[in-house]
Amino acid sequence: MPKPVGSPSGPIVAPSILSADFGRLHDQVQAAEQAGAGWIHVDVMDGHFVPNITIGPLVVRAVRRATQLPVDVHLMVSEPDSLVEAFVDAGADVVTVHSEACVHLQRTLRRIRDLGASVGVALNPHTPETVLSYVGRDIDLVLVMTVNPGFGGQAFLPSVVPKIRALRSWVDEAGLPIVIEVDGGIGPGTAALVARAGARVLVAGSAVFGQPDLRKAIEAIEREARVEAEVTS
């Protein structure tokens, strides 16, 4: 049964395997865990919702075998309803779907919950946070994209920071136990911006797996985010 994901007490760095060496995936995931990662993030792309194709449930199953950490699956796909069960069965602890891809968003979220995983909704950079107004009680996590999804290694979009801040205010004022996660161009320098705005889970791909020392890379992001999170808490 997947582990429930509650509100983290401090910043969490979630390395994205999109930037890992897939020829050594098991070792890379274990190295990230030993280096201090809090979650392992898995980017699933279908070549339709986004212009790239990545992985499926079999890789998630391999990641699940390699780590005790929560496995955080981000579905960048056009028809998530047909896939969520396979990814939960493969070992996903969190399944995040895009609001833009779901015709009946609340129904999709309820399906993920019924399958036993924690529930996330992702917002593309142009999507306003207000789309979550009617599903706040149905979600555990909001994933704010700080790049346009589809490829790793993109530059951070600072125009999205006010959205993170608005979400933090909404979550706190409503007393909702929702985790705010960010993904895209996160590393030293941008970690401070998003943590100050209210993000608590930071997805980092090349800023972790693209570095020679994973522990130093994770610690640098976590340290910067912790300082800013303490200022805003």
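Analyst: Axes here are lines fitted to C-alpha atoms, for helices over the stretch in contact, and angles run from 0 to 180 degrees between N-to-C directions. In this predicted model, helix H1 (residues 25-34) packs with helix H2 (residues 57-66) at an angle of about 45°, and their axes are 9 Å apart. That angle makes H1 oblique to H2, and H1 passes H2 in a right-handed crossing. On the H1 side the contact is made by Leu25, His26, Val29, Gln30 and Glu33, while H2 contributes Val59, Val63, Arg65 and Ala66. Sorted by class, the contact of H1 with H2 has five nonpolar, two polar and two charged residues.

Turning to the salt bridges, the structure holds seven. In one of them, arginine 24 pairs with aspartate 21, with the closest N and O atoms 3.2 Å apart; arginine 24 is partly exposed at 42% relative accessibility, and aspartate 21 is partly exposed at 34%.

Arginine 110 and aspartate 138 also meet through their side chains in a salt bridge, at 3.5 Å from N to O. Because arginine 110 lies in helix H4 (residues 105-115) and aspartate 138 in the loop between E5 and E6, the pair ties together parts that are 28 residues apart in sequence. Arginine 110 is partly exposed, at 37% relative accessibility, whereas aspartate 138 is buried, with a relative accessible area of 13%.

Within helix H5 (residues 161-174), aspartate 172 and arginine 168 lie four residues apart, about one turn of the helix, and they form a salt bridge whose closest N and O atoms are 3.2 Å apart. Arginine 168 is buried, with a relative accessible area of 17%.

Notes:
Residues are numbered from 1 along each chain as its sequence is written. This is a predicted model: local features need pLDDT of at least 70, side-chain atom pairs count only at pLDDT 80 or more; totals for chains, interfaces and linings use all residues. Side-chain values use heavy atoms; hydrogens and water are left out. Helices (H or I, at least four residues) and strands (E, at least two) are DSSP runs, numbered from the N terminus. Angles under 35 degrees count as roughly parallel, over 145 as roughly antiparallel, 65 to 115 as roughly perpendicular and the rest as oblique. A crossing is left-handed if the near helix is turned anticlockwise from the far one by less than a right angle, and right-handed if clockwise. Contact means heavy atoms within 4.5 Å. Ala, Val, Leu, Ile, Met, Phe, Trp, Tyr, Cys and Pro count as nonpolar, Asp, Glu, Lys and Arg as charged, and the others, Gly among them, as polar. A salt bridge is a side-chain nitrogen of Lys or Arg within 4 Å of a carboxyl oxygen of Asp or Glu. Buried means under 20% relative accessible area, exposed over 50%, partly exposed in between (1.4 Å probe, protein chains only).
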